[in-house]
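Here are some notes for a colleague who has the structure open. Please read each point with the residues displayed.

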Amino acid sequence: MSKPENLTIVAELNETDQELLTTDVLSFLCKLVEEFQPKLSSLLELRHQKQSAIDAGKLPDFLQETSAIRKDKSWKIAQIPSDLRDRRVEITGPVDSKMIINALNSGAKAFMACFEDATSPTWRNLMDGQNALLKANLKTLTYTALDSGKEYQLNENTAVLIVRPRGLHLPEKHLLLGGNPIPACLFDFAIYAYHNHKARTQNGSGLYFYLPKLESYQEARWWDEVFSFCESYLDLKKGTIKATVLIETLPAVFEMEEILYELKDHIVGMNCGRWDYIFSYIKTLKNYPDRVLPDRQQVSMDKPFLNAYSRLLIHTCHKRGAIAMGGMSAFIPSKDPKTAKLVLDKVRSDKELEASNGHDGTWVAHPGLVDLAMEVFNRYIKTDNENQLCILRNDDPPITAADLLEPCEGERSESGMRVNIRVALHYLSAWLEGKGCVPIYGLMEDAATCEIARVSIWQMIKHKVRLDSGVEVSPEVFRQYLSEEAEVVRKEVGNSHWDTGKYGKAVELLDHITTNEELIDFLTIPAYQYL
């Protein structure tokens, strides 16, 4: 393997890595970085400028500068490929071989293979994930369980594969161009696109992506330019690359039409990334004491600010011809009959709300919930239809900025805060060990849900929130609870697992990201330095 002179790889490469990181792939990647990293840096600076204005009292609102795009009724997105029109149930998860096989075989319409919130970005995870996705597209992926010897292989008919690269804000420290880390999103995108475009197009499909954590139409334009550059470089037909954008930041919900417009040749839909959206609501409005959310368990999609977000996404997508995906059900099936019924009832209620609102599909985190979610959406999407694009919600009252920013009532409890601490400790320890998607207390937790746990406590510290127990939250109170809940977690996992795991580092990291005077934008940035 040879590489561009100014590119340094700071990782130990095995034979498979070298087969993936060919001279041609690395040249393509470097051209992408040279072309698009400078503008990306400017876009990230624009994020900080906008946040500073919000911190100073300027609440988010729909943009005056782009009102003409919203008022123009004539434009729609480009035609949606046939294999992306029926999205009624999608499953998501990390990029390890077993998960990929189980998800593609699950009966879901699509599988989102996630390099972002569901994958801890160790070098081994990233490269093994790229190799597994390559084999999945070639239909050669297999897996043998080390403990049981059970063999896994792909069925003849599988879900449509969609890949989520990491967010714009994350670096890839293992590749340095000119001595600087390259954008992680371009690394994930370039390796996958280069190696898989032929297999995808030869099968009559395309390169399909989920784009996470966009905050503005300018960021959507950046991705559109990346896609166009890639199509030209790889000699692909325009529109071979298609994206679904996760509307999972508060700033983005005010720019959904503009995002569709900027990506109109490459976009097929949008998704209510609810967990990151809740995290972003807290983070964006961190300086506003009247916007402190209640316990995470109480912030469900029937809350006014979240229901408005869901309905606005449906209305916006459908009037422009785009798919409107619902959000994630984080529940996982239980072997206990009583608990299992409660889980299924909650999932069914959640999916009924989404389907009745007009969503075209939804997300689940476990294969055991695919059939239930499919049954709900099959009742709303009849056999002769593929989606609910006909539901325009034109008779709804206009959704205003006030609706999207409405404060959320509910209890802020000591028990809820303690649960947040335990969940964060379990998750951070697992993430530092290389696991990005972890079952904890009956829920499938990823980075987004851990983010909610820690920013919720940070905001309560900042505004000296008084809990139901009468205790006023402060750094000292948090550290007391952290010490006490760490002992609870130690008992749950056992001394041996605690001592050999990353729990000590998790305690240290959680303290840092929760009590830091300035809110740290993403926990994965400081946590990445521990990997």
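**Notes on the predicted model**

1. Asp396 sits in the loop that runs between helix H13 (370–380) and helix H14 (401–404). This is a predicted model, and every point below should be read as such. Asp396 is partly exposed, its relative accessible area being 25%. The side chain of Asp396 makes a polar contact of 2.5 Å with the side chain of Arg393. Asp396 and Arg311 are 85 residues apart along the chain, yet 8.8 Å separates their C-alpha atoms.

2. His318 belongs to helix H11 (residues 304–319). With a relative accessibility of 3%, His318 counts as buried, the cut-off for that word being under 20%. Its side chain has a polar contact of 2.7 Å with the side chain of Asp360. A polar atom of the His318 side chain also lies 3.2 Å from the backbone oxygen of Gln388. Apart from residues up to four places away in sequence, His318 touches Lys76, Ala324, Gly358, Asp360, Gln388, Leu389, Ile391 and Leu392.

3. Helix H17 covers residues 475–493, 19 residues in all. From first C-alpha to last, H17 reaches 26 Å, close to the 27 Å expected at 1.5 Å a residue. Which residues of H17 are buried? They are Val477, Phe478, Tyr481, Leu482, Glu485, Ala486 and Val489. These residues lie on the same side of H17 because they cover an arc of only 165° around the axis.

4. What covers the buried residues of H17? The cover includes four helices: H15 (414–432), H16 (447–462), H18 (495–500) and H19 (503–515). Just after H17 comes Gly494, with a positive phi of about 90°.

5. Lys464 is in the loop between H16 and H17. Its phi is positive, about 50°, although Lys464 is not a glycine. Most residues other than glycine have a negative phi, which is the reason for listing this one. Is Lys464 buried or exposed? Lys464 is exposed, with a relative accessible area of 55%.

6. Lys213 also has a positive phi without being a glycine, with a value near 60°. The residue is placed in the loop between strand E9 (207–211) and helix H7 (217–233). Lys213 counts as buried, at 4% relative accessibility, whereas Lys464 is exposed. Both residues deserve a look at the backbone on screen.

7. An open sheet is formed by 3 strands in the order E1-E7-E8, with antiparallel pairing. Strand E1 (7–9) and strand E8 (180–183) stand at the edges; each has a single partner strand, so one side of each is left without a neighbour in the sheet. Direction ignored, neighbouring strands of this sheet are turned by 55° against each other on average. In general, strands of a sheet pair through backbone hydrogen bonds, either parallel or antiparallel.

8. Strand E7 (residues 171–177) pairs with E8 in the antiparallel sense over 4 bridges. Glu172 has Ile182, in E8, as its bridge partner. Helix H6 (residues 184–202) packs on the sheet and touches E7 and E8, its direction making about 55° with that of E8. Helix H2 (residues 23–55) lies across E1, E7 and E8 and runs at about 90° to E8.

9. Where is Ala118 found? Ala118 is in the loop between strand E3 (110–114) and helix H5 (123–137). At 6% relative accessibility, this residue counts as buried. Leaving aside neighbours within four places in sequence, Ala118 is in contact with Gly93, Pro94, Gly436, Cys437 and Asp446. The C-alpha atoms of Ala118 and Lys135 are separated by 20 Å, the two residues being 17 apart along the chain.

Methods: Residues numbered from 1 in each chain as written. Predicted model: local features only at pLDDT ≥ 70, side-chain atom pairs only at ≥ 80, totals over all residues. Heavy atoms only, no water. Helix = DSSP H or I, 4+ residues; strand = E, 2+ residues; numbered from the N terminus. Expected span 1.5 Å × (residues − 1). Buried < 20%, exposed > 50% of the residue type's maximum accessible area, 1.4 Å probe, protein only. Arc of directions from axis to C-beta. Contact = heavy atoms within 4.5 Å. Polar contact = N/O pair within 3.5 Å; in protein donor to acceptor, adjacent residues only side chain to side chain. Pairing = 2+ DSSP bridges. Axes fitted to C-alpha atoms, helices over the stretch in contact; angles between N-to-C directions.
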